[in-house]
Each structure stands twice: as C-alpha cells, then as structure tokens.
Amino acid sequence: FGDYQLDPPWMPQDAILEHLPSRALVLDLVDNYMNTFEKTHRLLHPPQFQRELVEFYAAPQDVPVTWVAQFLTMLALVSGRLLKVSHLSSIYFRGV
C-alpha cells in the first residue's frame, strides 16, 4: 500500500467506507474498471490491486487513506461510465 501518509481526512475513514455499495456490486464495478479504463490507461498492477482488495475487505480499518482515495476514484470513474452507457442505451432502445 505504500507508506505515504496524509493528514487525517476531514471525514473519518470508517464513515466514508460506510457509504460503499455492496461487496458484490463493488466487485462488478472493479471488474468493469479493469476491462475498460485499465486496458487503455494503465495505472494499476491488476494482480496487486486484487490482493489489496482482498486485504481491504479483511480489515478495511487498516487500509491507508491514500488507497481508499484511489479505490473510490476507480469506483467513481466506472460508475460515471456505466451511467453514460446506460443513458445512451436507453435512448437507443426507445428509438430516439
């Protein structure tokens, strides 16, 4: 996870993590991210990230805030993409 530490976050990390979607949805989102963004914009080492994700779910309180920030950024990117795709597909299937 690295050893770089930031000042304490404005919101406690456990309070941030309470807002995560279900683990099943998170795993689907991560899989979608790895099959889209990560294919063209290599930012992660996928096997290492998968190990870190397992560690995260084993002890979320032990994960550095910098990892959580990266994780939430991934989820936000792929969620935004899926919303756009879903919006476009609904327009397409309505025949507009």
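**Briefing: fold, core and confidence**

Along its sequence, the chain runs in the pattern α-α-α-α-α. The model is predicted, and its secondary structure amounts to 5 helices and 0 strands. Of the 96 residues in the chain, 25% are buried.

**Contacts and surface**

- Considering contacts between residues at least 6 apart in sequence, 70% link residues at least 24 apart.

**Nonpolar core**

- The largest nonpolar core comprises 18 residues, and the most contacts inside it are made by Val30, Phe49, Phe56, Trp67 and Phe71.
- At least two residues of this core come from each of α2 (23–35), α4 (46–58) and α5 (65–94).
- With 6 residues, α5 provides the largest share of this core.
- Leaving aside residues up to four places away in sequence, Phe71 touches Leu20, Val26, Val30, Phe49, Leu53 and Phe56.

**Confidence**

- The mean pLDDT of the chain is 80, and 76% of the residues reach at least 70.
- Confidence is highest in α4, with a mean of 94, and lowest in α5, with a mean of 73.
- Over residues 91–96 pLDDT remains under 50, and the model has 1 contact beyond four places in sequence for this segment.

Conventions:
Residues numbered from 1 in each chain as written. Predicted model: local features only at pLDDT ≥ 70, side-chain atom pairs only at ≥ 80, totals over all residues. Heavy atoms only, no water. Core = buried A, V, L, I, M, F, W, Y, C linked by side-chain atoms within 4.5 Å. Buried < 20%, exposed > 50% of the residue type's maximum accessible area, 1.4 Å probe, protein only. Helix = DSSP H or I, 4+ residues; strand = E, 2+ residues; numbered from the N terminus. Contact = heavy atoms within 4.5 Å. pLDDT = per-residue confidence, 0-100.
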